[in-house]
Amino acid sequence: MRTRLFSRFFLGCAVFTAFFIGAAHATPEPPASADDFVDRIGFATHWGYPDTPYGYAYDAVSKLLADMRVRHVRDGWHPRERDLWEKYGIKTTMIVGPQQPLDQTLKILRDNRDLISMVEGPNEVDIFPTSANYKGQGFPEGPKNFQNDFYNALKADPLLKDLGVIAPSTARSDANLKLAPLRSFDYLVMHSYAGGQLPSSSLGGEVVNNTLNATRILGSGAVLKPIIVTESGYHTALGANQVIAGVQPGVSEAVQAKYLPRHFAEYFNAGIRRTITYEFINEFKDEATNAEASFGIVRRDLTPKPAYNALKNLISLLSEAKWDATKKVWEAPPVHLRALDFDLEAPPSVHYTLLQKSDGTFYLLLWNEVSSFDTEAKKDIAAAPVRASLKFATAFQAAHLSSLTSGEVRHWNTDSQVQLDVPDEIVVLQITPRKRTKFFWPPGPPQNLKSETTRNSATLNWQPVRGAWGYFVWRLGRYLGFTEKPNFHDANVQPNTGYPYEVRAVGVVGNMSAPVSIVAMTKNEFPDLQVTKVSWTPAQPKVGEEITFSATIKNSGTAASPAGITHGVAFFVDDQFVSWADTFNKSLAPGQSITLASNNGPKGKKSFSATPGAHTVRAVVDDVNRINESDENNNTKQITLTPAP
């Protein structure tokens, strides 16, 4: 099966090339900087917890962190962050909140501006009152007012105004809607745990903290902002399922070592500006049974888990910057990126990330994005490798393949085709191209970039560029694809939203033009789902009978609801969640209705056992906010049920 899977990001020009003028071209792919990939990796820490290794074994823990060459941690303020910066060049994304006066927070930031990478708003404000309470108000007004006051004060400070500010984080599916519209930040935020599932599932799947939910805090009509992930990851406590945010299965240590590198690569491909995983080291003694104690990649006894070694190997392969403790600066050679011309023949489950170093060497990260762990049986899945064929437009000097976990290395020399088996973990194909002595100027940037939009699509048009072979298009940092024509159509957008796009021209030897940018605002047309009727079977139930609930839902909006997305309905009896309907995923046209019956429930059954007395039955359509609507506050209808004796 032939497939084209896109790599991601930004391009420039270089004195190396992977193909020649006149060669039979495949499809060019734009690489990203290998060192930029490394710089987007971070870990959550808790330096202020004295009863954990962060406190009583700081020297050993910080050395383990530095040995990985990690450059970013996320924490509240602690004086040890000064030591991390000065010794190892590790910067802190600092969480702030209303727990202390605003002027004290600003003073800490001013005094430590050199080591603060970004500032994150209050943590999970919908479940932690200490993060939400501000000037006598709780969620949602408290954190909204705090974020506005903090952002305005920081941006008015000459020393701090260039510091990036991240939105306050939330935990529940409806919380961002309650905070909206809130825009006093530079970056959106996600706490996107995959719940033991494969890494890509937490980006756009039907989970609380996916990319769509992250944007809802902005409110309708806003221009999108880039996303920072400040919590994510996998725990290895297979003796427990409970974590702070509810039930979240764990994985084995071996699978954590497969999933976390894939996790960073999937998020990088999605345009996430930094991904911080929770967390670096296991905190407490009950590692086997306490999930909250076991998210680390280092055990409490300071021995590395396999994930530590896998990530250390990945960073070692890709990193170029060196920390100069005297100058207090990371020094790296300039990287002039150039497209690589190749075809990949592989099943769709094979994903990749294309990177390049300053010497022109390409690093192709490949993995089979399939499940590696059965979360119900709590066992590893023996996923068989899949065959992939890479065909390059010209021969390269050499290539070798490295496994992050086994250390296996395979070599190819002076060839234009590579056959390999791709496992369910990242393998790195290092490609050394032939040098060229002749320099070719890049084409000029596209001119007169314009956009045309509907409610769910954006079409870009620009003038043809002389000497350009084609064009690359990105949306908010996510690479969308290559086109030979001076236009591009994007059908994966939401209504009444501003989407930043970037377009670059590419020449026949891979040199790239400067970027041109535009914001395309989609049309303000939305579906609006409402529950118009609640019923049950049997129609006149008696005490002790099993009752199946139904709800009639209607689209009262100005646009059809999206096809392929579950139009779910949750049923509650006296505020107890009893069942749901999740079988309908077709489009509802404006004015169209459909009746949905419960088909399952939290206890594995679709019905409710009738008990004596009057009960309030409540039906909620789109209960987990899968669908953007014009009105998110009219999705509920309730009715009284009184079973006969």
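Q: Do strand E21 (residues 398-403) and strand E24 (residues 427-432) pair in the parallel or the antiparallel sense?
A: The model is predicted: local features need pLDDT of at least 70, side-chain atom pairs count only at pLDDT 80 or more, and totals for chains, interfaces and linings use all residues. Strands of a sheet pair through backbone hydrogen bonds, either parallel or antiparallel. Two strands pair if DSSP finds at least two bridges between them. E21 and E24 are joined by six bridges, and the sense of their pairing is antiparallel.

Q: Which residue of E24 is the bridge partner of histidine 400?
A: Residues are numbered from 1 along each chain as its sequence is written, and side-chain values use heavy atoms, with hydrogens and water left out. Strands (E, at least two residues) and helices (H or I, at least four) are DSSP runs, numbered from the N terminus. Within E24, the partner of histidine 400 is glutamine 430.

Q: Which strands form the edges of the open sheet of six strands?
A: The sheet has mixed pairing, and its order is E2-E16-E17-E24-E21-E22. An edge strand pairs on one side only, and this holds for strand E2 (32-33) and strand E22 (409-413). The edges are therefore E2 and E22.

Q: At what angle to E17 does helix H12 (residues 306-318) run?
A: Angles run from 0 to 180 degrees between N-to-C directions, and the axes are lines fitted to C-alpha atoms, for helices over the stretch in contact (heavy atoms within 4.5 Å). Helix H11 (residues 253-269) lies across E2, strand E16 (350-356) and strand E17 (362-368), at about 75 degrees to E16. H12 also packs on the sheet and touches E16, E17, E21 and E24. The direction of H12 makes an angle with that of E17 of about 155 degrees.

Q: Which residues of helix H3 (residues 58-67) are buried?
A: Buried means under 20% relative accessible area, exposed means over 50%, and partly exposed lies in between (1.4 Å probe, protein chains only). The cover over the buried residues of H3 includes strand E3 (41-44), helix H2 (53-56), strand E4 (72-75), helix H4 (80-88) and H12. Those buried residues are Tyr58, Val61, Ser62, Leu64, Leu65 and Ala66.

Q: What is phi of the arginine that follows H3?
A: Most residues other than glycine have a negative phi, and most peptide bonds are trans. After H3 comes arginine 69, whose phi is positive, with a value near 70 degrees.

Q: Is asparagine 625 buried or exposed?
A: Asparagine 625 lies in the loop between strand E38 (615-621) and strand E39 (636-641). Its phi is near 55 degrees, which is positive although the residue is not a glycine. With a relative accessible area of 9%, asparagine 625 is buried.

Q: In which loop does proline 140 lie?
A: The peptide bond from phenylalanine 139 to proline 140 is cis, with omega near 5 degrees. Proline 140 is found in the loop between helix H6 (129-132) and helix H7 (141-155).

Q: Which lysine meets aspartate 186 in a salt bridge?
A: Aspartate 186 lies in the loop between H8 and E8, and its partner lies in helix H7, so the pair ties together parts 31 residues apart in sequence. Aspartate 186 is partly exposed, with a relative accessible area of 23%. The N-to-O distance is 3.1 Å, and the partner is lysine 155.

Q: How many salt bridges does a search of the whole structure find?
A: One of them joins glutamate 345 and lysine 391, at 3.4 Å from N to O. Glutamate 345 lies in strand E15 (residues 340-345) and lysine 391 in strand E20 (residues 386-392), so this pair ties together parts 46 residues apart in sequence. Elsewhere, salt bridges with shared partners join Asp35, Asp39, Arg71 and Arg274 into one network. Over the whole structure, the number of salt bridges found is 25.

How values were computed:
Salt bridge = Lys/Arg side-chain N within 4 Å of Asp/Glu carboxyl O.
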